[in-house]
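The following note collects points for a colleague reading this model alongside its sequence. Please consider them in order, with the coordinates open.

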Amino acid sequence: PKSIKVLKLRHAQVLQLLKVIFKEIATLSEEQLKNIGLNQVIYDAIKRGSFEFINELITCNPVIIWRGDKKGRTLFAHAITLRQEKIFNLIYRFGSRRRILIMLDVFNNNYLHLAAKLSPSFQLDQVPGAALQMQWELQWFKGIESMLPPKFGERLNENFLTPSALFTKEHKELVKEGERWMKNNTASCMVVAALIATVMFTTAFTVPGGNDQTGFPIFLGYDAFLVFIVSNALSLFSSSTSVLIFLGILTARFAEDDFLKSLPNKLILGLFTLFFSVVTMMIAFGSTIFILLQKRLSWIAIPITVLSIIPIFFFVVYQFPVLIRMVIHTHKSSFFDKPNES
């Protein structure tokens, strides 16, 4: 479309203009840079995640990576505090490990202290659920920690706080909210899992069609009955497993580090087994309807069986987005690149 071509043309023109501006910036004095408010411009660009802006700026003037604002914070520091992953990796690749390690701001914070601070609200709001927000914060802190020598975790800032102590202080309320979110969701899922387990256990002893005089099920010779028995057993086992997993979550200690792997993994497994129990329960229901109606009202058996998919659909719509996001964030490799060693 013509509008897309126009936007692409404008985008290319803006990039060309930026290159010209950034080349001129390299020739300006420190006083002139302060007058044009370069520090604020850079901060705003990083805050908005303007990757191309920062990329062009660094490409045209690489030494600007080490330029500090009035708080002594560089582009790299802003990328950490504002939780901008792509910009962080861009600057990290351009920078040298040796210089990165020695940088401190005017408050005597090293980069691990900055990673320990609570993320801005506009970033946290993009992550659904307080527990996942806490996990995301831990991933940033642990990621920065893995890049630095152990001694950096022992450094004190001007408030005499180590990075770990600062992280605990900044995230005290988020831990409480994460615990509350986890317990509320777990309790709701546990009720559903317990209800399914109860129904499936009862159904196992009241099979469709009843039993004959010898005690064997009347429909034992039907293939659909075999489907019913297998799906009923799987639903009972998976729902019982789900109840036990959710019980383990409710009795967990909910320490900070538990939000990184332990609690998300338990919730992932609990939701997966719950989903499996719902699917197998509906398969058991569908096979039962098919058995009972296949002779007299065979035409209605298939539509009713198809309708049994509706609960599965709603489960997928309302629970799967959280489940998938947890799986991705819990088991993905680190999103941090490695810098040059020079």
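**Points on the predicted model**

1. Cys60 is partly exposed, with a relative accessible area of 24%. Cys189, in contrast, is buried at 8%. The structure contains zero disulfides.

2. The model is predicted, and its confidence should be kept in view throughout. The average pLDDT of the protein chain is 84, and 87% of the residues score at least 70. Among the elements, helix α7 (residues 97-102) has the lowest mean pLDDT, 61, whereas helix α11 (residues 163-170) has the highest, 95. Where pLDDT is low, the predicted coordinates should not be read in detail.

3. Which residues have the most contacts inside the largest nonpolar core? They are Ile54 and Phe88, in a core of 81 residues. A second, separate core has six residues, among them Val207, Phe225, Phe228 and Ala284. In soluble globular proteins, nonpolar side chains tend to be buried together.

4. A nonpolar patch lies on the surface, formed by Leu307, Ile310, Phe313, Phe314, Val317 and Tyr318, with about 620 Å² of accessible area together. Helix α16 (residues 309-331) gives the most to this patch, with five residues. Ile310 is placed in helix α16. Its relative accessible area is 40%, so Ile310 counts as partly exposed.

5. Arg83 deserves attention on two counts. Although not a glycine, Arg83 has a positive phi of about 55 degrees; the residue is found in the loop between α5 (75-81) and α6 (85-94). Arg83 is buried, because its relative accessible area of 3% falls under the 20% cut-off. The residue also forms a salt bridge with Glu137, the closest N and O atoms being 3.3 Å apart. This pair links distant parts of the chain, with Glu137 in helix α10 and Arg83 in the loop between α5 and α6, 54 residues apart. Glu137 is buried, as is Arg83.

6. Phe160 likewise has a positive phi, near 60 degrees, and is a residue other than glycine. Phe160 lies in the loop between α10 (130-147) and α11. Is Phe160 buried or exposed? Its relative accessibility is 66%, so Phe160 counts as exposed.

7. The salt bridges number seven. In one of them, the side chains of Asp105 and Arg73 meet at 3.0 Å, N to O. The two residues are 32 apart and link distant parts of the chain: Asp105 is in the loop between α7 and α8 (111-116), and Arg73 is in the loop between α4 (51-60) and α5. Both Asp105 and Arg73 are buried.

8. Glu179 forms a salt bridge with Lys183, with 3.0 Å between the closest N and O atoms. Glu179 and Lys183 are separated by about one helical turn, because they are four residues apart in helix α12 (residues 172-205). Glu179 is partly exposed at 25% relative accessibility, and Lys183 is partly exposed at 30%. Elsewhere, Lys142, Glu145 and Asp257 are linked in a network of salt bridges. Side chains of opposite charge can pair when their charged atoms come close.

9. Finally, Asn265 is in helix α14 (residues 262-293) and is partly exposed, with a relative accessible area of 29%. Asn265 and His331 are 66 residues apart in sequence, and their C-alpha atoms are 9.1 Å apart in space.

Key
Residues numbered from 1 in each chain as written. Predicted model: local features only at pLDDT ≥ 70, side-chain atom pairs only at ≥ 80, totals over all residues. Heavy atoms only, no water. pLDDT = per-residue confidence, 0-100. Patch = residues over 30% accessible without salt bridge, like charges linked within 9 Å, V, L, I, M, F, W, Y side chains within 5 Å. Areas by Shrake-Rupley, 256 points an atom, 1.4 Å probe, with all protein chains shown as cover. Salt bridge = Lys/Arg side-chain N within 4 Å of Asp/Glu carboxyl O. Buried < 20%, exposed > 50% of the residue type's maximum accessible area, 1.4 Å probe, protein only. Disulfide = S-S within 2.5 Å. Core = buried A, V, L, I, M, F, W, Y, C linked by side-chain atoms within 4.5 Å.
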